[in-house]
Amino acid sequence: MKRGKWHLLLAVLCLLAGCIRQTEPQTDATPGRPPAEQGRVVAGDQGQERRRRAIVAGSREEKAAVPAAPAAPGRPVLPMRTGMASPMVAADQVLYQPPPMTTESYSPNRESGFVAVGNDPLSTFSIDVDTASYSNIRRFIGQGSLPPAGSVRIEEMINYFDYDYPQPDQGPLSLTLEGGPCPWQPQRRLVRIGLQAKDIDKKNLPPSNLVFLIDVSGSMSAPDKLPLLQRAMALLVDQLDGRDRVAIVAYAGCDRLVLPPTAGSDRKTLLAAIDTLESGGSTHASQGIVTAYELARQTFMPGGNNRVILASDGDFNVGLTSRGDLEKLIERERQSGVYLTLLGFGEGNYHDDTMEILADRGNGNYAYIDSLLEARKVLVREMSGTMFALAGDVKVQVEFNPARVAAYRLIGYENRALADEEFNDDRKDAGEIGVGHRVTALYEVVPAGGEVPVSVDPLRYQQPARTAGAGDELLTVKVRYKPLQQTVSTTIERSLGRETKSLTEVSADFRFAAAVAAFGMRLGDSEYLNGYSYDDIITLARGARGEDRDGWRAEFVKLVEMSEMLAN
């Protein structure tokens, strides 16, 4: 009995000792603690004592400060204010957390190289007015990581910003050319091509027949997906009137009609329908696409703006899921004259490659919505350009003068390249441009006599290039497009002479577009940057901010600063 009592007493003491150990506080530096429970370390302003705040996983509320400890391994995260379009924080305030798991997908994007003018003096491409790449990149940087290479499309980054191009004197488009030094290769030149679509007063725009196609699958339940989408839709509804018609189709495992065509002035009914949207189930997008286009055709407005607005994270997992099948579906549906707008939402499982291909094949445009401010930019401030097409199948062809240019390189537009003979082929689909939209393209040019960064053997059966009557012309640009509701193209043409301006003499728009291009090249680890650094980009962009009424250019400078920190 005595031995049994001692054994019982010993067991009780061991149990008490274990309880005491379990109640001892753990710090975030405790080895073996699950990553989800690791605290985030905040680096404060210079000159101040570094401090650490323990943050409960999944909570945004900060706990009381604890003594400084070594940072948990992981990637830096830049804090964002809820509901803001951009990080807009001090560049030296950095949070750290382990990298999250992700299944996001992007198309590979190979950088275009130089072409020798003696071998091919023509460069042809389709325009692109999408802006999704820039706001998606902003999301990655704001969360503390450099974006994946496939997410970087330089033309979309450049075209995110406004530039001061003149309104067209006649016709729907104006063409502007400007040349200057290439900031990252001073011995080369940079050429900026700018298109400006005509602005039309809102009251003179045609009525809209809009069919919202809303992804309400289970993957859309996060706050930055369906809830943000509902708030964005409400912003758009406020821009409509009694001439407009709005319908809503929702899809998950199957599709359903949430709202039949309803007058845009009936805001109470429209907002009530938007409020009923709830997420759950798989993603049968292809059937939803068919239903939405059928509904748009049934209520088609001749001479009006007929458009399907597809909002999703691109995670299609039921029905047609391959990109090839989805391409064919969209190409077939676009024959009805119904345009397509893609609005991307969310993170973690975002499928940019699917969203991009749908926009390219559906006579559409594509924006990524990372905040309510971005929704306002796309759906309110730029509504005319986003929703109202002004010209279709817009193509650009540049002919370089071999007497003045040895080689050239189009920056971006890798997935928009066209064969030279497709420029005059009205059957070839190309990009659309909306009311008031601007399109910018940049060429890096090696002057004649300069070192050509591409080696091509001399042609055996061709005579050396000769010029006649070209004078000092550097290049000639032709733009071919179909005016709205016409099937025959119109062409405008303009030449750019040789110029000797310095970088300080070119326009602020020229310098800012160059800074954005250099940033995209830096993110994509371009082989052509010649050591041009983040600091160089920051200096160039700061000096080219101009009026910057909405603060987008100032925000760009912050993103470059943050990217430099992440890269280092």
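The axes of helices α4 and α9 come within 9 Å and cross at roughly 35°. Axes are lines fitted to C-alpha atoms, for helices over the stretch in contact, and angles run from 0 to 180 degrees between N-to-C directions. The crossing is right-handed, a term for a near helix turned clockwise from the far one by less than a right angle. The structure is a predicted model, in which local features need pLDDT of at least 70, side-chain atom pairs count only at pLDDT 80 or more, and totals for chains, interfaces and linings use all residues. Residues are numbered from 1 along each chain as its sequence is written, and side-chain values use heavy atoms, with hydrogens and water left out.

At the α4-α9 crossing, L228, R231, A232, L235 and L236 of α4 meet L372, A375, R376, L379 and V380 of α9. Contact here means heavy atoms within 4.5 Å. Helices (H or I, at least four residues) and strands (E, at least two) are DSSP runs, numbered from the N terminus. Helix α4 covers residues 226-237.

Several α4 residues are buried, including L226, L229, Q230, M233 and V237. Buried means under 20% relative accessible area, exposed over 50%, and partly exposed in between (1.4 Å probe, protein chains only). The buried residues of α4 pack against strands β10 (208-215), β11 (245-251) and β13 (305-312), and against helices α5 (267-275), α9 (372-381) and α10 (383-387).

An open sheet is formed by five strands in the order β6-β17-β19-β9-β8, with antiparallel pairing. Two strands pair if DSSP finds at least two bridges between them. β6 (115-116) and β8 (173-182) stand at the edges with a single partner strand each, so one side of each lacks a neighbour in the sheet. β8 pairs with β9 (residues 185-197) over ten bridges. L175 stands opposite L195 in β9. Helix α11 (residues 508-523) packs on this sheet and touches β8, β9, β17 (405-411) and β19 (438-447). The direction of α11 makes about 110° with that of β9.

Helix α11 is mostly covered, with 14 of its 16 residues buried. D525 follows α11 and has a positive phi, near 55°.

The protein chain has 13 helices and 21 strands. Of its 568 residues, 52% are buried.

Definitions and conventions:
The expected span of a helix is 1.5 Å times one less than its number of residues.
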